[in-house]
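Hi everyone, thanks for coming. I'd like to walk you through one protein today, so please have a look at the screen.

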Amino acid sequence: MTAAKIQHYVPKFLLRNFGTGKKDQLWVFDKASGRSFQTNAKNVASESRFYDFVVDGADHSLEDGLSRIESQAKPIMERILQDDSVGAIPAQGRALLAAFLAIQFVRTRAFRMQWEDMRRLLREKIESMGDHVAPGSQAEALIRPQSENEIKIDTARMILQAPTDFGPHFLNKVWFLAKTTKTHPFMIGDNPVALQNHIDMEPYGNLGLGVKGIEIYFPLSSTRALAMWCPSVAQQVAEAANTLHSLPIQLTASVVRDREGIFALDDALTLGTALPYKPEHVMNFNSLQVSRSERYVFSSMGDFSLPIRMVADHPILRGGPRITDMASKRTSAE
């Protein structure tokens, strides 16, 4: 089979879930230019021959293999959206979806640029220290500038290893659904696996897939998203809910702002059901998509006031996620 020329690094079937409902059209925000526009899902989060590379004069491509795992993951996501729950997904389906997410984690343009950037920063650091790297050494191989084909080969190797290297980190989390409404939709970026951690681990990074307290989010549609939380966070929620259940409302009313919300979160974490998100929670979710995206953010609506404000406040976001993000997630996850 000849690989398709235009190759998506965010699956087209997923992008369609964020459409306007008119012939696969969706809204796009370009962080670099500040421009928004409508286009077909087939035209975005893709590049010509993105997964094609050459080894010893022979042409290779990951496109067909990626298409196969997408076709396997798609019905699982459709089942989740239909059931409005992850609770009934069998172990085999959950493992396959974890493999899909692990691959999605490293298959994007953002990851490829971060990989290239990391080598450049290492090279500049060594040069600034006045150190000399021995010719032919492993250090020289690590920091020397690479051709586009060499970068493709390196990142292709990571994609192939991703289910083994990263899949278990998705699988050992506590999964549930986050839900919102069409009037306050979820966005999806061109680097959609988003990480968040409320535990301050300075001076170390706190965004590793295996780090304590990590929360992982992946948009499934404009109104549903998959949330995967560290078991330690789920345990804290369960303990809080048990404590509240054992105490009279009158005793906790003055110190607990959202008693019912804690119970609902505990139920979602226990059963894998859909947890209604308040507008401020949707804003936080979307802010992660904006900050993690390399350049583009997609939505079912043309309201991009959030990314516009974020880019205005933090112009560095125009250039996509920083290399420090990649460094923390790589070292912490392994």
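Predicted model: local features only at pLDDT ≥ 70, side-chain atom pairs only at ≥ 80, totals over all residues.

How many helices and strands are there in the protein? There are 13 helices and 13 strands.

Residues are numbered from 1 along each chain as its sequence is written, and side-chain values use heavy atoms, with hydrogens and water left out.

Now, confidence. The pLDDT is the predictor's confidence in each residue, from 0 to 100. Its average over the protein is 90, and 91% of the residues score at least 70. Residues 324-334 are another matter: there the pLDDT is below 50. That stretch has 28 contacts in the model beyond near neighbours in sequence, where contact means heavy atoms within 4.5 Å.

Let's turn to the overall build. Why does a radius of gyration of 21 Å agree with a compact globule? Because a compact globule of 334 residues would have a value near 20 Å. The radius is taken over C-alpha atoms, and the globule rule is 2.2 Å times the number of residues to the power 0.38. Along the principal axes, the C-alpha atoms fill a box of roughly 70 × 50 × 45 Å.

Buried residues make up 49% of the 334. Here buried means under 20% relative accessible area, exposed means over 50%, and partly exposed is in between, using a 1.4 Å probe and protein chains only. Among contacts between residues at least 6 apart in sequence, 72% join residues at least 24 apart.

Next, some backbone details. Which peptide bond is cis, with omega near 5°? That is the bond from Glu-202 to Pro-203. You'll find Pro-203 in the loop between strand E9 (194-197) and strand E10 (214-219).

Lys-23 is not a glycine, yet its phi is positive, about 50°. Look for Lys-23 in the loop between helix H1 (12-16) and strand E2 (25-30). Lys-23 counts as exposed because its relative accessibility is 76%. Arg-49, also a residue other than glycine, has a positive phi near 55°. Arg-49 belongs to the loop between strand E4 (46-48) and strand E5 (52-55), and at 34% relative accessibility Arg-49 counts as partly exposed.

Is Ile-80 buried or exposed? Ile-80 is buried, with a relative accessible area of 1%. Leaving aside residues up to four places away in sequence, Ile-80 touches Ser-85, Val-86, Ile-89, Leu-97, Leu-177 and Leu-220. Val-256 is 176 residues from Ile-80 in sequence, and their C-alpha atoms are 32 Å apart.

Thr-270 in helix H10 (residues 259-271) is exposed, with a relative accessible area of 57%. From Thr-270 to Asp-56 it is 51 Å, C-alpha to C-alpha, and 214 residues in sequence.

Let me finish with Gln-146, in the loop between helix H5 (138-143) and helix H6 (148-165). Gln-146 counts as buried, at 18% relative accessibility. Which residues does Gln-146 touch, not counting residues up to four places away in sequence? They are Trp-115, Arg-119, Ile-151 and Asp-154. Glu-116 is 30 residues from Gln-146 along the chain, and their C-alpha atoms are separated by 7.9 Å.

Methods
Helix = DSSP H or I, 4+ residues; strand = E, 2+ residues; numbered from the N terminus.
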